[in-house]
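User: Hi! I am new to protein structures and would like to learn how to read one. Could you take me through it by question and answer?

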Amino acid sequence: GFPKKANRTARIASDEEIQGTKDAVIQDLERKLRFKEDLLNNGQPRLTYEERMARRLLGADSATVFNIQEPEEEAANQEYKVSSCEQRLISEIEYRLERSPVDESGDDIQYGDVPVENAVAPFFEMKLKHYKIFEGMPVTFTCRVTGNPKPKIYWFKDGKQISPKNDHYTIQRDLDGTCSLHTTASTLDDDGNYTIMAANPQGRISCTGRLMVQAVNQRGRSPRSPSGHPHVRRPRSRSRDSGDENEPIQERFFRPHFLQAPGDLTVQEGKLCRMDCKVSGLPTPDLSWQLDGKPIRPDSAHKMLVRENGVHSLIIEPVTSRDAGIYTCIATNRAGQNSFSLELVVAAKEAHKPPVFIEKLQNTGVADGYPVRLECRVSGVPPPQIFWKKENESLTHSTDRVSMHQDNHGYICLLIQGATKEDAGWYTVSAKNEAGIVSCTARLDVYTQWHQQPQSTKPKKVRPSASRYAALSDQGLDIKAAFQPEASPSHLTLNTGLVESEDL
């Protein structure tokens, strides 16, 4: 038993030596890491593999301690450059805010009377910067704005206005135009885009700063153990360790945020319904749709699409009464989830009836220069559209002389003021709706007025003769002249006492 006891004592001594050696290595790594923090502030973004291992050994709190012990190294508010995708998102937020109403309930600034020639639109002499920090650290967004009159200031987070009464943020404004927003202890919910907007009667202007809050317990870091408890590390494969050499230590996680969402909809049964939304987040969020709390599965009538510009769409065609209800869209990623809801109302489908003429056009004649009306009456569901044609020429619009009229009871009229011969012809009226089309035709005649004046005909004077046949000439007998009283022989009419012989 003695040799075994001796071996145990030797093994315990070896563990103590290993622990002492480990402490010395950690102290050396702390010095290297502190030196590396200086280099990071001078613009070197990447750490070596050895320094990443040091961060894993020391944990995130050690880096925080370094920053607290050396406040002149402002590593807590380390500025960084946003990606092009984030910049597009920032630009879209600013564009919407500058055109949206704001809550001025907590604003005490009143615009003074400033001459127009002295008025100046708001202008940023210093804009907001972008920061990345660990949770629990303080952060301050600062900018300086000028303008005449003195512009009003509004702060927003991810497009939502921050109330001045919000206890989590401290909002200040100095006399020189410097504006700041400060939080003493950042949380993961503080991650987002912070926008300041300055407004006066001359215009609005805004700028945005991005805040990236990184969790302390993230991949590549081990959580600090409570005092008195040893670190418990999960075994990692060699392939993962070797793969981490070319990966950045910090990962970005942005909670989903809806940039565009539809409101309540009313769609007629049988039609197409489309719900469009746009969401941001990192990693790219996964979207799911629900109807009254039940998941919607893609099928022949329900399709879920994503366009190249990032717009997600739920398309329902055709819409039925079963599709009515409360729709909820849920966006989820590793950083969290977000959602919006809307109500879809399905209007009952109308019973379509094809057009029918209750009264048809009638053939009409009118004197030249007089007005004329071509009238008919039609019914149909939905109310039909009306089209007029003269011969093969369509009458598309009304004029001062020829006008088309229609009322809500189905009466249709074509009115012609002062008809002319050119207006004569065949007229066709057509009524069309979704259920069908019907037409009828009538003739319009325009005739010229006859102005008959009495004609005084002078009787022909016939040379008196002793015979009733004196009017007989070489061209024949003029009967009219022969039997008129005026044509009687004067010696017969005047000498009434003269009697003709019986032989005559």
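Here is a short tour in questions and answers.

User: Before we start, what kind of model is this, and how are residues numbered?

Analyst: Residues are numbered from 1 along each chain as its sequence is written, and side-chain values use heavy atoms, with hydrogens and water left out. Local features need pLDDT of at least 70 and side-chain atom pairs count only at pLDDT 80 or more, while totals for chains, interfaces and linings use all residues, because this is a predicted model.

User: How many helices and strands are there in the protein chain?

Analyst: Helices (H or I, at least four residues) and strands (E, at least two) are DSSP runs, numbered from the N terminus. Counted that way, the protein chain has 7 helices and 30 strands.

User: What percentage of the residues count as buried?

Analyst: Buried means under 20% relative accessible area, with exposed over 50% and partly exposed in between (1.4 Å probe, protein chains only). Of the 504 residues of the protein chain, the buried share is 33%.

User: Which residues of the largest nonpolar core touch the most other members?

Analyst: A nonpolar core is a set of buried Ala, Val, Leu, Ile, Met, Phe, Trp, Tyr and Cys residues joined through side-chain atoms within 4.5 Å. In soluble globular proteins, nonpolar side chains tend to be buried together. The largest core here has 22 residues, and those touching the most other members are Phe141, Trp155, Ile196 and Leu211.

User: Which strand gives the largest share of this core?

Analyst: Strand 3 (131-134), strand 4 (139-148), strand 5 (152-157), strand 8 (178-183), strand 9 and strand 10 (203-214) each supply at least two residues of this core. The largest share, 4 residues, comes from strand 4.

User: Is the pair of Tyr169 and Tyr194 stacked or edge-to-face?

Analyst: Rings of Phe, Tyr and Trp (its six-membered ring) pair if their centres lie within 6.5 Å; planes under 30 degrees apart count as stacked, over 60 as edge-to-face and the rest as tilted. A search of the whole structure finds 5 aromatic pairs. The ring centres of Tyr169 and Tyr194 are 5.9 Å apart and their planes are at 70°, so this pair is edge-to-face.

User: Where in the chain do Tyr169 and Tyr194 lie?

Analyst: The pair links distant parts of the chain, 25 residues apart. Tyr169 counts as buried at 10% relative accessibility, and Tyr194 counts as buried at 1%. Tyr169 is in the loop between strand 6 (160-161) and strand 7 (170-173), and Tyr194 is in strand 9 (residues 192-200).

User: How many residues apart in sequence are the parts tied together by Trp289 and Phe340?

Analyst: These two rings form an edge-to-face pair, 6.1 Å centre to centre with 90° between the planes. Trp289 is buried, and so is Phe340. Trp289 lies in strand 14 (residues 286-291) and Phe340 in strand 19 (residues 336-347), so the parts they tie together are separated in sequence by 51 residues.

User: How far apart in space are His312 and Met275, C-alpha to C-alpha?

Analyst: His312 lies in strand 17 (residues 311-316) and counts as buried at 15% relative accessibility. Leaving aside neighbours within four places in sequence, His312 is in contact (heavy atoms within 4.5 Å) with residues including Met275, Asp276 and Cys277. His312 and Met275 are 37 residues apart in sequence, and their C-alpha distance in space is 8.2 Å.
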